[in-house]
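Take a look at the model below. This report walks through it, one region at a time.

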Amino acid sequence: MRDAIEVHGLRKSYGSHPVLRGLDFAVRSGEIFALLGINGAGKTTALECMEGLQKYEEGTITVNGKMGIQLQSQALPAHIRPMEALRLFAKWNRGAVDRAWVRSLVQSLGMEEIEKKQYAQLYTGHKRRLHLALALIRDPEIVFLDEPTAGLDVEGRLSLHQQIRSLKARGKTIILTSHDMAEVETLCDRIAILNEGRIAFCGTARELTDQVGRKYLIHIKTEQAEKRLEADNIEEALLSLLLELKQRGERVLDIKVDRGTLEQHFLELAGRV
């Protein structure tokens, strides 16, 4: 199976300032892929180059399928109604309005309750659903979602997460950006982390932990206090710590061991020079 998107040697500058310094990565067909980076890392520029919204100086981008794009910041006329917007976008993209397809989008995204309201009357979550529907109006194989849950409450986020999973189940390829590492870990098959215009990591969250999360974090709660310890060798650290606590007569109430969060690993790689 062909990759959905292939990026080779991508370079982009703004004047004399290089933003992308030779990106090489691929997005597999049918996966949810996150493009991550701190502000200034080149994430937005890379995304816009793939979407065809930015020109670049060097490299190649191959997109194997139709694209649908949901931008982070987008708005519609205040008085337009969702069904009017969907039919307008459908006509603009296809040349003719497929009413059955528009209706199926409305039903699949749970938009029946808002279809007669004006855009200005919609809550943020409803606007996000409408923007996603507009991105899907061409029934694309590849969907770009830029901060899709920004500004949503917990219920809205969970609902949109379910819609994204449903798209994946239908065989769609999803490329998203997010500042929420819990969201990324929950949704994404693979992630790419940019640092100063270069790929610092590309792989699964588990592979990132194996690469970066070498230190174990040990949390021990005793009757007297709570302790936190970082260690490279968990067996030696636990044996030593438990022996010390026993000698001091401290009773252990709870022990927790982890290797750091995805957010900690992300910051270590994304902020590394």
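Which residues does Ile-255 touch, not counting residues up to four places away in sequence? Ile-255 touches His-219, Ile-220, Leu-238 and Leu-242. Contact here means heavy atoms within 4.5 Å.

## About the model

This is a predicted model, in which local features need pLDDT of at least 70, side-chain atom pairs count only at pLDDT 80 or more, and totals for chains, interfaces and linings use all residues. Residues are numbered from 1 along each chain as its sequence is written, and side-chain values use heavy atoms, with hydrogens and water left out.

## Ile-255 and its strand

Ile-255 sits in strand β12, residues 252-258. Strands (E, at least two residues) and helices (H or I, at least four) are DSSP runs, numbered from the N terminus. One of the contacts of Ile-255 is Ile-220. Along the sequence, Ile-255 and Ile-220 are 35 residues apart. In space, their C-alpha atoms are 4.6 Å apart.

Ile-255 counts as partly exposed, because its relative accessibility is 37%.

## Helix α1

Helix α1 covers residues 43-51. Seven of its nine residues are buried, so the rest of the structure largely encloses this helix. The buried ones are Lys-43, Thr-45, Ala-46, Leu-47, Cys-49, Met-50 and Glu-51. Gly-52 follows α1 and has a positive phi, near 85°.

Pick out Thr-45 in this helix. Its relative accessible area is 8%, so Thr-45 is buried. What is Thr-45 in contact with, leaving aside its neighbours within four places in sequence? The partners are Lys-12, Tyr-14, Val-19 and Leu-20.

## Two nonpolar cores

A nonpolar core is a set of buried Ala, Val, Leu, Ile, Met, Phe, Trp, Tyr and Cys residues, joined through side-chain atoms within 4.5 Å. The largest one has 43 residues. Within it, Leu-86, Ile-191 and Ile-193 touch the most other members. Leaving out residues up to four places away in sequence, Leu-86 touches Val-102, Val-106, Met-111, Leu-130, Ala-133, Leu-134 and Ile-137. A second, separate core has 22 residues, including Leu-20, Ala-41, Ile-142 and Leu-194.

Now find Ala-85 in helix α2, residues 82-94. Ala-85 counts as buried because its relative accessibility is 0%. With residues up to four places away in sequence left out, Ala-85 touches Leu-76, Ile-80 and Leu-134. Arg-2 is 83 residues from Ala-85 along the chain, and their C-alpha atoms are separated by 34 Å.

## Helices α4 and α5

At what angle do α4 and α5 pack? The angle is about 15°, with the axes 11 Å apart. That makes α4 roughly parallel to α5. Axes are lines fitted to C-alpha atoms, for helices over the stretch in contact, and angles run from 0 to 180 degrees between N-to-C directions. Angles under 35 degrees count as roughly parallel, over 145 as roughly antiparallel, 65 to 115 as roughly perpendicular and the rest as oblique.

From α4, the contact uses Arg-128, Arg-129 and Leu-132. From α5, Ser-159, Leu-160, Gln-163 and Leu-167 take part.

## Two positive phi angles

Most residues other than glycine have a negative phi. Asp-139 is not a glycine, yet its phi is positive, about 55°. Asp-139 lies in the loop between α4 (124-135) and β6 (142-146). Its relative accessibility is 28%, so Asp-139 counts as partly exposed.

Glu-147 is not a glycine either, and its phi is also positive, about 50°. Glu-147 is in the loop between β6 and α5 (154-169). Is Glu-147 buried or exposed? Glu-147 is buried, because its relative accessible area is 8%.

## Cysteines

How many disulfides does a search of the whole structure find? The search finds zero. A disulfide is a pair of cysteine sulfur atoms within 2.5 Å.

For Cys-49, the closest cysteine sulfur is in Cys-202, 17 Å away, so the two are too far for a bond. Cys-49 counts as buried, at 4% relative accessibility. For Cys-202, the closest cysteine sulfur is in Cys-188, 12 Å away and too far for a bond. Cys-202 is partly exposed, with a relative accessible area of 32%.

Conventions. Buried means under 20% relative accessible area, exposed over 50%, partly exposed in between (1.4 Å probe, protein chains only).
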